[in-house]
Amino acid sequence: MSVVEPLLSVRDLEVSFRTEEGVVPAVDGVSFDLAEGEILAVVGESGSGKSVTAMTLMGLTREPNARFGGTAHYKGVELIAASDDELRRVRGAEIAMIFQDPMTSLNPVHRIGDQIIEQIQEHEGLPDQQARERVVELLERVGLPRPAERVDNYPFEFSGGMRQRVMIALALSCNPSVLIADEPTTALDVTIQAQILGRIRALRDEIGAAVILVTHDLGVVADIADRILVMYSGRIVEQGTLDEIFYDPQHPYTWGLLGSITRVDRPRLRRLPAIAGLPPSLAHRPEGCHFRPRCPHEFDKCPEVPPLESRLEGRPHHRDRCWLSPEQKRQLREVSAGQIGLDPKAGVEANERRSGAGRRA
Amino acid sequence: MAIDPATELAHERPGARDDDAAPERTAGVGPWRLAARRLRRDRVALAFGALFLVLVALCLGAPIWANQIAHTDPYKNHLTQKIVVDGKRTNVVSLDGIPIGPTWRGKFFLGADTNGRDTAVRLLYGGRNSLKIGVLAALITTVLAVLLGLLAGYLRGLSDTVISRALDVIWAYPVALLAVALGTALSLGGLEIGPIHVSGDSMLIPTLIIAVVYVPYMARPIRGQVLGLREKEFVEATRAQGAGPLRIMFTEILPNLSSTIVVFFPLMVANAILLEAALGFLGVGVLPPEPSWGNMIGDGVEHILTGPHLAIVPGLMLVITVLTLNIFGDGVRDAFDPRARIHLEH
Amino acid sequence: MARFIVRRLLSMLVVLFLISILTFLIFNVIPGGDPAIRMAGRQPDPGQLERIREEWGFNEPVYVQYLKTMGQVFSGDLVSYSTQQNVIDEIGRRLGRTFALAIGAAVMWMVFATALGLFTAIRAGRVSDRLLTVLALVGVSMPVFWVGALMNYYLGFKAGIFPNGGYVPITDDPVDWFYHLIMPWTALSLLFIGVYSRILRSNVLDTMHEDYVRTARAKGLSERRVLIKHVLRNSLIPIITLWGLDFGAVLGGGAILTETVFDLQGVGQYAAESVDQLDVPPVLAVTLFAAFFIVLLNTAVDIIYAVLDPRIRLT
């Protein structure tokens with residue numbers, strides 16, 4: 001495996017907010033790398049800290065009541081402590097973001113063309129005509145019909161899916177190296193979802209940008225992610241390649257997530273399994289492993305915070321935060337194996353072979 | 001379709017927690033409790049709210065001051081009297097019409113007016129009147145505005161058209177002109193609606209005028225809110241149960257207006273007090289010899305050359321009172337709609 | 001758009017009509033309102049009263065009187081009961097003063113309110129914000145005539161920095177004209193600055209948390225650009241509509257109190273004096289005049305709103 005300098009390197013990121021109820025730690029020691037051109041999915045439920053992590057990389061969580069720790073190195077710039085000026089240079093031009101709700105993410109009183117031109121002009125200062133041409137070309141690339149006409153429309157004149165495409169066009173307008181997509185399809189219909197995701201992947205293939213895809217939906221992830229980070233309550237509880245996570249998940253939370261995906265090709269279950277309990281209130285977390293109250297396999301080592309490390313032979317990049325030994329995990333996982341199409345006896349390789357080429361389209 | 005036994009087993013997670021044994025109960029806190037909590041934390045708003053109550057108490061205690069300390073009443077004029085000031089005997093009102101300034105003593109604590117009356121005594125009695133008018137007018141406005149807003153917003157159709165047009169007319173009428181016109185007309189002849197007779201110099205006249213003038217100010221936002229509320233599912237649900245419009249309006253919609261009402265009320269009192277002052281200034285509010293802050297300011301401005309304290313004293317009192325109401329009202333508004341939202345979920 | 005304007009004009013006429021009726025009723029129908037008695041002065045004899053009634057038509061039914069008076073309004077023949085002057089002419093004479101006061105104040109308060117509102121919003125929660133908010137609240141709590149009177153007394157009469165009330169037409173001496181209006185403008189603006197700056201502050205704080213502002217920041221735009229092109233632009237829209245309404249109100253003579261205190265002899269002061277003397281024609285005329293402007297600006301504001309906010313479609 002070649003050792004290439006990662007594009008983005010996050011170490012021990014911490015973000016907390018001061019609220020009426022006290023100090024709330026939203027992100028509690030998150031570390032990961034992002035390689036050039038890879039699609040990294042960050043998966044977790046509400047309150048897991050996944051969005052805050054993504055936003056913090058662009059400095060969008062800088063508020064008077066926010067506190068930060070850790071570092072994020074991108075092309076020689078340290079983003080967490082960077083000055084406002086440095087950040088502004090990075091935003092849009094190097095790291096761009098697609099937000100969750102396209103309805104509210106565009107300014108309703110400005111034309112969409114103007115809103116994209118604004119970003120281009122801020123970073124590149126092109127002559128108006130040239131900027132406008134680029135915008136029309138971008139809109140075409142994201143699949144917007146009649147781009148030359150619609151470039152002068154207002155956001156409310158578009159449907160949700162179209163608006164999201166405009167957001168994608170906006171994000172790509174200055175050829176960024178990293179694209180952060182924060183739940184890009186959550187506010188859209190399922191049918192549009194596939195289109196948008198396909199668009200994102202196609203664009204990654206075309207321009208080679210790395211993508212951080214933040215979502216709560218593993219189904220979305222299964223089609224396009226290269227690697228996955230599973231977050232829970234401010235921490236990464238498991239990380240690995242797509243196959244590793246889907247076919248050899250190590251953390252009980254991941255099992256729960258996978259088990260709750262409805263599958264067309266499996267026999268219908270009488271009741272869709274859900275993870276018991278609720279996510280912990282961010283202000284009052286349990287000591288040690290945060291997942292304890294909801295974990296059916298809790299034992300006496302759990303009050304100690306499990307470190308995020310690889311416990312499997314030969315798979316140093318497949319890490320998890322669970323004290324259980326790999327054998328114990330395999331045993332306990334057997335019980336839920338059938339649901340996720342896993343052959344409990346075989347390992348990752350066997351299941352990789354089983355899945356076939358369909359996924360790697 | 002046969003069910004894979006493995007999936008059945010999956011539901012019996014060994015050692016799984018019992019869902020019903022919730023570890024901590026998060027007590028549900030309704031919007032009122034939350035607002036009250038937030039208000040309690042707003043020291044400044046509470047302080048000014050308390051100050052307002054102190055001022056009210058002071059004014060209500062007017063008779064005590066008048067009888068025990070100043071030994072006079074608000075109507076008695078001491079034009080020809082002399083009192084001792086700094087050891088000298090001076091006229092309460094000098095020969096060329098200039099009244100004495102504040103003595104900071106029991107009698108004529110804040111000086112006298114051009115009629116030789118004790119300013120401090122009149123200030124407190126005037127405060128009683130102004131506050132009474134202010135609060136009563138605000139109450140009437142609130143009741144009318146809520147009623148009209150509810151009817152117009154919920155019933156729509158003809159009721160809405162008629163009520164909205166009427167509100168438009170009042171709204172389009174320049175406030176001061178309307179109040180002054182009504183004030184003048186009514187203070188002359190009084191008001192006679194059927195069996196109800198209100199004499200021209202009753203304080204009810206300015207009260208009613210102020211109340212009516214401000215109705216559109218509050219009724220329109222309420223109507224707007226009702227328009228939104230009537231589309232909500234819980235209203236539809238009640239309708240499906242067979243409830244009539246009256247019941248829906250008063251049991252479903254009205255409670256949801258309560259936060260708006262609570263926020264508006266202090267501001268309406270403040271506005272009423274200010275309008276009363278304007279009317280008094282123009283001579284059509286509370287009529288002499290009855291004091292009110294409005295007509296005291298009016299007098300003071302007229303005779304400002306003889307002594308600015310005549311205008312400053314009642315004005316300052318009014319400003320402070322209205323200010324306390326505004327600050328407290330602001331605090332109430334903030335308590336119901338706080339700005340400090342933490343954006344954790346994006 | 002055209003249909004919208006026509007509809008609004010029609011509704012405007014309806015409102016004006018209703019207002020004229022209301023004014024007429026207030027003075028003529030409310031008990032104790034026999035204009036003949038008022039006009040005759042003290043101790044009139046019955047013959048005098050009858051003559052007055054004949055001459056002025058007070059014997060006729062109310063609606064006839066109303067129609068006659070309205071007819072006079074539009075033909076320009078309206079005559080005051082007390083001064084016998086032509087009311088319309090008098091209004092024309094005083095128009096410039098009222099306009100000067102209104103326009104100057106409106107510009108002043110808008111500029112200061114925007115600056116203050118934006119400043120306090122940016123520094124929300126800090127000492128400067130709290131201090132300025134209290135100041136704004138003080139501004140809102142002060143009766144305009146009281147402030148005006150005190151300003152007049154201390155700055156005009158005693159210190160002599162500013163003139164002691166009165167008005168100088170711009171055609172006579174522009175500098176003096178301006179000089180005479182500074183205090184009235186300030187007194188009138190204080191109230192509005194207080195109100196508007198706080199509304200703007202509230203709007204700006206709301207807007208700053210909108211998603212599209214986050215997008216704007218994510219684009220790498222400078223903070224200043226984000227504030228002006230995105231935050232302020234969107235926050236001002238509701239303010240503009242309010243401003244239009246208040247501007248309409250003072251334009252038509254709604255600044256009665258300010259005009260009176262500074263003795264500007266404007267349209268509003270005319271109305272106040274007429275009311276005092278129970279002189280109906282000027283009151284009627286001024287009321288219609290003022291209402292006309294309020295409703296006109298109301299309509300204009302709705303149109304401007306649609307221009308500023310493309311989501312609003314005028315039907």
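Here are some notes on this predicted model, chain by chain.

1. A word on conventions. Residues are numbered from 1 along each chain as its sequence is written, while chains are lettered from A and ligands numbered from 1 in the order in which they are written. Because the model is predicted, local features need pLDDT of at least 70 and side-chain atom pairs count only at pLDDT 80 or more, whereas totals for chains, interfaces and linings use all residues.

2. Chain B in outline. Chain B has twelve helices and four strands (DSSP runs numbered from the N terminus: H or I of at least four residues for helices, E of at least two for strands). Of its 346 residues, 44% count as buried, meaning that 20 or more other C-beta atoms lie within 10 Å of the residue's own; 12 or fewer make a residue exposed, and those in between are partly exposed, with C-beta atoms placed from the backbone. Among the contacts in chain B with a separation of 6 or more, 66% join residues 24 or more positions apart (a contact puts two C-beta atoms, placed from the backbone, within 7 Å).

3. Helix α4 of chain A. The buried residues of α4(A) are A131(A), V135(A), L138(A) and L139(A). They line one face of the helix, because they fall within an arc of 100° when seen down its axis (the arc is that of the directions from the helix axis to the C-beta atoms). Q129(A) and Q130(A), on the other side of α4(A), are exposed. The cover over the buried residues includes α3 (112–124), α5 (147–150) and α6 (160–172) of chain A. After α4(A) comes G143(A), with a positive phi near 90°.

4. The sheet in chain A. Seven strands form an open sheet with mixed pairing, in the order β6-β7-β8-β3-β9-β10-β11. β6 (95–98) and β11 (319–320) of chain A each have a single partner strand, so one side of each is left without a neighbour in the sheet. β9 (residues 227–232) and β10 (residues 235–241) of chain A pair in the antiparallel sense over six bridges; strands count as paired if DSSP finds at least two bridges between them. Y232(A) has R235(A), in β10(A), as its bridge partner.

5. Where chains A and C meet. The contact takes 22 residues from chain A and 18 residues from chain C. On the side of chain C that touches chain A, α9 (211–218) and α10 (223–254) of chain C are the elements that give two or more residues. α9(C) gives the most, with six residues.
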